[in-house]
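Visitor: I am new to this structure. Please take me through it one question at a time.

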Amino acid sequence: MMYSIAQEENLFSKAKLFLNKEISIEDVNDLRVIIEYADYMYYVKDNPKLADVEYDTLFAKLKKIEEQYPQIISPDSPTQRVAKGLNTAFENVAHIVPMLSLENSYNAEDLLDWDRKCRELSEKEHLTYCVEPKFDGASISLIYENNLMTRGATRGNGIEGDDISTNLKQIRSIPLKAPLDNFGIQQIEIRGEVMMTKKRFEEYNEKLIAKGENILANARNAASGSLRIKNPTEVAERNLDAFLYHVSFVLPQGANTSKIPTTHLAMLQALDTLGFKTSLAHTKTFDTIEDVIQYVQTFEEQRDTLPYEIDGMVIKVNDLAIQEQVGQTSHHPRWAIAYKFKARQGTSKLLHIEFQVGRTGSVTPVAKIEPVSVGGVTISSISLFNEDIIKEKDLRVGDTILVERAGDVIPNIVKPYPEMRNGNEQIIVFPRLCPVCQTPLTKPDTEAVWRCDNIECEAQIIERIIHFASKNAMDIRGLGEGLVKKFYEQGVLKHIDDIYHLPYDTLKNLEGFGEKSMQNLQKAIEQSKTQALHRLLFGLGIRYVGETTAKALARSASHLSELYTKTIEDLKNIEDVGEKVAASIVTFFANKNNRKLIENLEACGVQLSNTQKVDALQSGALIGKTFLFTGTLSVKRSEAEALAEAKGGTILGSVSTKLNYLVVGTDAGSKLEKAKKLGTITILTEDEFYKLIN
């Protein structure tokens, strides 16, 4: 969407004319073009040509005449961005081409190795590479047909995502129409990233503060969370941007494809010409990998000068035909790689330490620091895990500290600066009494964690209830941490089984609640009664029993009560259960309070039988076969495990002679090497696994 100086002057003069006249049907097309031009200059080029009041006046005039003559409304009219009502659900839609992940690199050696592989696969001595910023936002996929945007979706699991077309139409840097036929294109699938600029993120948080609401953690979360908001008006209020960076599919209008770009850079230039927002200003091509390395390393120093967050650079083979030749795995394209920048760092002050009690009684020191922005995220709390970490780093209250986000995600204290101490710093003394119930803490010689052994400790009770209701346990939607604490304070939720005796008629009168919210909560609690046995076992919070071990325990029993009488030796015969885990399970079921809790849950209607065992026997082509997944897959590992279990397969937690299949994604490590050494395990790629289960 390029405008000549003459066209801009003509549109500007017409805009001034329309501001002072009544709009007729004959003016509608011109008025739409003016508003599209204003959107393009404001949201794509960041160079507004109309004052806000002028834009609002013209938009209101267009809306008024379309309401007067509804027969003239077209789907690409600027007024059709604004949604009416709420989205009640997001339909799953398949991508034309799967949205794969990118292989990551962190140093020059990785890029040199990738370059070698690309040249070998393409059988070319030299390749041209295109380098562009790696956006830190939320991935989207857009489809245009016959010049009109017909659908927009989230990445989802890479194969299919949520149809969020209505929400994406609120982002004004996404054109509702584009003259794709200028390039001989009938249908196109374009990949991009939804972003919130640093400035707009700050402005939006200021609005939340003014309303007395909680601020958002970072610009990426603000963008990602916006995509699935049910009210599109709220999406529009967040002033999001969308950068388009890749074309994954093109359907030509006819046999003549001469107008369709043949390189990645030319395709980006075409998108820019058509009115899409791109990163062309920072995109360059190079003929050697050495020049690529120099550019990405230099650009890392400039990242803070950009108006938006990036966490690296993406390097792609420029020639689209060679991209096809180099190919892809089930997880990532071989013709592209991400160069990730170093972890973001900042300095702060260690103010004090809070000692938090978890559901198993573990006491975790949490550093409270002066808020510091690291990579666009404001950090004020950092887990220190245990007493040994404090001692190893010689941390003291009052220290000036170096903070980083490991992998640009997890906050971590790298080190203190002892040379900046003034003598007022305080040595951190780990408590020997529980900070909540004052019970003496214990720590076996073999462990690094101090624990409170009082199972009636208020903090543990609250955390156990939160865990029981969590997504991966009983999945009670709506019963989150805040609500659990509130109900505990009200005295209506003192133990896990109280969940199934909540006084809904009383609770609906609490501030912030109503009839509908209580109905939804009651429905979620009722649905939890039919959860699979392994979810209940995980939800009970047995020490050392994670999701995988819970599944193994569930498979060994037709009813939960069968686990009561199992000895340590019995349990050690179950996959993934060793001496320490078995002892913990025996101790748990020997406790009369735990047995009483389980009896109460069954009396409330909670399912204690292993119904999945019966289902697997009925449908299982893989009964008796064991699986383990390692490396990065194109879907969540839990999804892949569920596919194997649905066919009767069993998921193991480690490589052993009992393992039949090791399914390997990218970046597989020691598990793959161990499986190769054993020589008895069938090693599958992700594609081979899907063929096996089907």
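Visitor: In which loop is Asp-475 found?

Guide: This is a predicted model, in which local features need pLDDT of at least 70, side-chain atom pairs count only at pLDDT 80 or more, and totals for chains, interfaces and linings use all residues. Residues are numbered from 1 along each chain as its sequence is written, and side-chain values use heavy atoms, with hydrogens and water left out. Helices (H or I, at least four residues) and strands (E, at least two) are DSSP runs, numbered from the N terminus. Asp-475 is in the loop between α13 (458–469) and α14 (481–490).

Visitor: Is Asp-475 buried or exposed?

Guide: Buried means under 20% relative accessible area, exposed over 50%, and partly exposed in between (1.4 Å probe, protein chains only). Asp-475 has 17% relative accessibility, so the residue counts as buried.

Visitor: What is the phi of Glu-123, and where does this residue lie?

Guide: Most residues other than glycine have a negative phi. Glu-123 lies in the loop between α4 and β3 and is exposed, with a relative accessible area of 72%. Although Glu-123 is not a glycine, its phi is positive, at about 60°.

Visitor: How far apart are the end C-alpha atoms of helix α10?

Guide: The expected span of a helix is 1.5 Å times one less than its number of residues. Helix α10 (residues 289–300) has 12 residues and should therefore span 16 Å. The distance between its end C-alpha atoms agrees with this: 17 Å.

Visitor: Over what arc do the buried residues of α10 lie?

Guide: The buried residues of α10 are Ile-289, Val-292, Ile-293, Tyr-295, Val-296, Phe-299 and Glu-300. They lie on the same side of α10, because the arc they cover around the axis is only 165°. The arc is that of the directions from the helix axis to the C-beta atoms. The value asked for is 165°.

Visitor: Which elements do the buried residues of α10 pack against?

Guide: Contact means heavy atoms within 4.5 Å. The partners of these buried residues include one helix, α4 (108–122). The others are the strands β3 (129–135), β9 (284–286), β10 (310–317) and β11 (336–340).

Visitor: Which residue in the turn between β12 and β13 has a positive phi?

Guide: Strands β12 (residues 344–357) and β13 (residues 363–374) pair in the antiparallel sense over 7 bridges, and Val-357 has Val-363 in β13 as its bridge partner. The two strands form a hairpin with 5 residues between them. The turn residue with a positive phi, about 90°, is Gly-361.

Visitor: Which residue of β14 stands opposite Lys-368?

Guide: Strand β14 (residues 377–383) runs antiparallel to β13, joined by 6 bridges. Opposite Lys-368 stands Ser-381.

Note on methods. Two strands pair if DSSP finds at least two bridges between them.
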